[in-house]
Amino acid sequence: TLSMVLSAYYDSTCANVDIVRILYPRPKSLLPEMMNADMDAVDAENQVELEEKTRLINQVLELQHTLEDLSARVDAVKEENLKLKSENQVLGQYIENLMSASSVFQTTDTKSKRK
């Protein structure tokens with residue numbers, strides 16, 4: 001009998017709880033919405049950070065290519081400079097040879113002419 005009373009009470013209590021839940025549902029927790037908003041903010045922040053990293057990586061790559069181009073240009077200018085120096089030496093030697101072979105550029109001994 002006690003078990004019958006407890007069983008009836010339990011059944012009515014559960015039924016009442018179900019009715020109460022239907023009539024007065026628990027308000028949704030704001031926590032999931034706040035978490036979603038926080039997650040959206042984190043995702044947006046991560047997206048901005050990712051875009052900034054991508055931009056910086058592209059800028060670094062562009063600067064590396066520019067540096068490679070400038071380095072290649074410096075090497076080419078050095079080669080051209082060495083070539084021109086060599087040509088200048090050859091021309092200088094040629095001019096000296098021409099001057100020594102020409103009587104116009106011969107040094108004159110002024111004492112011997114006075115005699």
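Me: About how many helical turns separate K53 and E49 in helix α2?
Reply: The model is predicted: local features need pLDDT of at least 70, side-chain atom pairs 80 or more, and totals for chains, interfaces and linings use all residues. Numbering runs from 1 along each chain as written, and side-chain values use heavy atoms, without hydrogens or water. K53 and E49 sit four residues apart in helix α2 (a DSSP run of H or I, at least four residues), so the gap is about one helical turn.

Me: How far apart are the closest N and O atoms of K53 and E49?
Reply: Side chains of opposite charge can pair when their charged atoms come close. K53 and E49 form a salt bridge (Lys or Arg side-chain nitrogen within 4 Å of an Asp or Glu carboxyl oxygen), and their closest N and O atoms are apart by 3.6 Å.

Me: Which residue forms a salt bridge with R55?
Reply: The whole structure holds two salt bridges. In this one, N and O are 2.7 Å apart. Both residues lie in helix α2, three residues apart, about one turn. The partner of R55 is E52.

Me: What is the relative accessibility of R55?
Reply: E52 is partly exposed, at 37%. R55 is partly exposed too, and its relative accessibility is 43%.

Me: How far apart are the end C-alpha atoms of residues 53-87?
Reply: An unreviewed UniProt entry annotates residues 53-87 as "coiled-coil region". In the model, this stretch is 100% helix and 0% strand. Its end C-alpha atoms are separated by 51 Å.

How values were computed: UniProt positions renumbered as here; feature names shortened; annotations may be inferred. Helix = DSSP H or I, 4+ residues; strand = E, 2+ residues; numbered from the N terminus. Buried < 20%, exposed > 50% of the residue type's maximum accessible area, 1.4 Å probe, protein only.
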